[in-house]
Amino acid sequence: MSCLALSLQPTNGSDILLQTREWFPPARALVALSAFRQTRLAFATGKNQNAEDGDTSLGDDPLAASSGQVIVGVESRYRVVYRLVNSIYVLGITTVDDDSMNNVFECISIVNQAVSVVVTACRGVDVTPEKLGRKYAEIYMALDIVLRGVSSIRLAAMLASLHGDSIAKMVHSAAFSSANFELPVEALEAGDEVAAVLAPTEQGPAVELQDESKQEDDQAEKDPFAASDNLDKPVDLVGGFKKDKEQASDLSIVLSGLEVTTLPPAAATESTHIGVEGFEGDYGGIEFSKDGSTLPEDFEGLNQAWGGGLDASEFVDPKQVAKREGLGGLELLETSDAPAVKPAAGPDTPLEDLVTKKPEMKGPEMYISEVINAEFRESLLARVGLMGTVYLKTLPPKPSNDTETEFSFKVQNTNGVKRFVMHNSSVSSLGDQMFHVKTAPSDQPIPIMKYSFLPRATPLPLRVRLVKRHSGTLLSVMIQYVSNPDLPAPLTDVTFTLKLPVDPRLLKVSPKAVLNRSERELQWHVDEIPLKGNPVRLRARMPVDTSEDDGGDELEVVGFVKFSYQGTKSLSGISLHPVSEGKTDFYEVPHRYESGVYTCN
């Protein structure tokens, strides 16, 4: 991508000027400028500290050089190309594109042209904010022309007229450089007649040339401001299209007059990938639209565990949590009864209860499948992400009937959706959260939509806390969990897995658990977690070979949770409805959600 914006930023003080392209929002440009200023100040702070310490081996301030480039931003990353002229930074903003460096060199060329404009306006390299203020209008117009692209010849002419009647000349140069004019048909016909007189053909006799010259003399004597005779003639649309055999044979001549509007590149509207550890994901992009890109990977690629990174400060208080003295909660551990186990099916169970008949499909069915991911650090939520997929299950295909499934539906309760992607080959958007689906029948459910949820709006079905205590050669671990009381139904068949740092020789657990020595895992299976119950504790204690006083590596303990649910409501609250009330175009079957990467450490 070419240069998106140009700016003039003094070393001390607010920004002087900002000029952006049409498709680049000024708000994003201001974010990039603020990030560049913070980066520059951070480098300057580090330089001052090094000077105070007496260490000058690190060199000068990296951003104090005459020119260079730096990548700024966390969520939205931009490449800023800068040149320092006296005390003014001339900045060019472009995207971070690792695949091609052409945009970098093009941005550098545009920044160099902008430097030429600034130096010419200030009559030398002594560039100050006061001098820029005197020629602000001229500089603003010149940078606008430079940002859109200008040749070296036109740039030289524009710089030569910068201190004269500069605004009029620059506007004239920019507005009329590629202007086209249409002449009336009468003028074109008169021009053809004049051309025929000036360049007569060899076949035409001399008598006809004299007659044409007389007719032209008669036309010259007419009033030039008189109305044209063609006003009284009927409009002939077909006559205006004359076929030129020679021109049609040459494709380059036919296409030479076409003007193609320059559209913004696809990267200007696509999301930006962040690779910082803990904040991985794609940021930005287009919501509820398929205009952001044209690649099919946008639909297939929405499968990251977190659906984009987030700032941990959204959930973790910046203040350090005060820990209680003692065993960090382990002193409250008491022996508790294991959850009651439901009796399994025995020999006396009737056969009708064991055999479940699958209901016959009455029409197309739709349901939502969601995956919830969360990471807890002790009792604090560090990361969370929810991704959902809308599935369509058509009637089974029949050899005698290959009718396509086609209907419209609407999606409601989408306030917390961060990004919504459609399968373009089978779904189209009707606006106002309404969609139309048309697809061939299939034996398997078809994913037609995918979406990711905002972290702040993501509901948590289960809160988990992991506490570890290493005292001497004894390692004690406790998992504490509690259900969300707002869930539509209690969670059942929940599995808690604890990754042990060593293979224990002796192990004491409460309640009973299953030990897998090959994987060094300890598992608890809970049949049901009540919605409004008290927090439940799962405890394990084992001896280890190392002591906390040895100063070795800290023992790492991680817990995982697996659960799933199927019911009438989705976890996010998103629901599917027909467009017309009272019309059953499809049947909404039970939705489901399950845990993805649900960890505590």
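1. A residue is called buried when its relative accessible area is under 20%, exposed when that area is over 50%, and partly exposed in between, with a 1.4 Å probe and protein chains only; strands (E, at least two residues) and helices (H or I, at least four) are DSSP runs numbered from the N terminus. The model is predicted, with local features needing pLDDT of at least 70, side-chain atom pairs counting only at pLDDT 80 or more, and totals for chains, interfaces and linings using all residues. Residues are numbered from 1 along each chain as its sequence is written, and side-chain values use heavy atoms, with hydrogens and water left out.

2. Strand β5 (residues 88-95) is largely enclosed by the rest of the structure, because eight of its eight residues are buried. I88, V90, G92 and T94 point one way from β5, while Y89, L91, I93 and T95 point the other way, and all are buried.

3. Strands pair if DSSP finds at least two bridges between them. Strand β1 (residues 5-10) runs antiparallel to β5 and is joined to it by six bridges, with A5 opposite I93. Strand β4 (residues 78-85) is also antiparallel to β5, through eight bridges, and there Y78 has T95 as its bridge partner. The hairpin of β4 and β5 has two residues between the strands, and N86 takes a positive phi near 60° in this hairpin.

4. In helix α5 (residues 152-160), the buried residues include L155, M158 and L159. These three cover an arc of only 95° around the axis, which puts them on the same side of α5, the arc being that of the directions from the helix axis to the C-beta atoms. The face turned away from the buried side of α5 carries the exposed residues I153 and A160.
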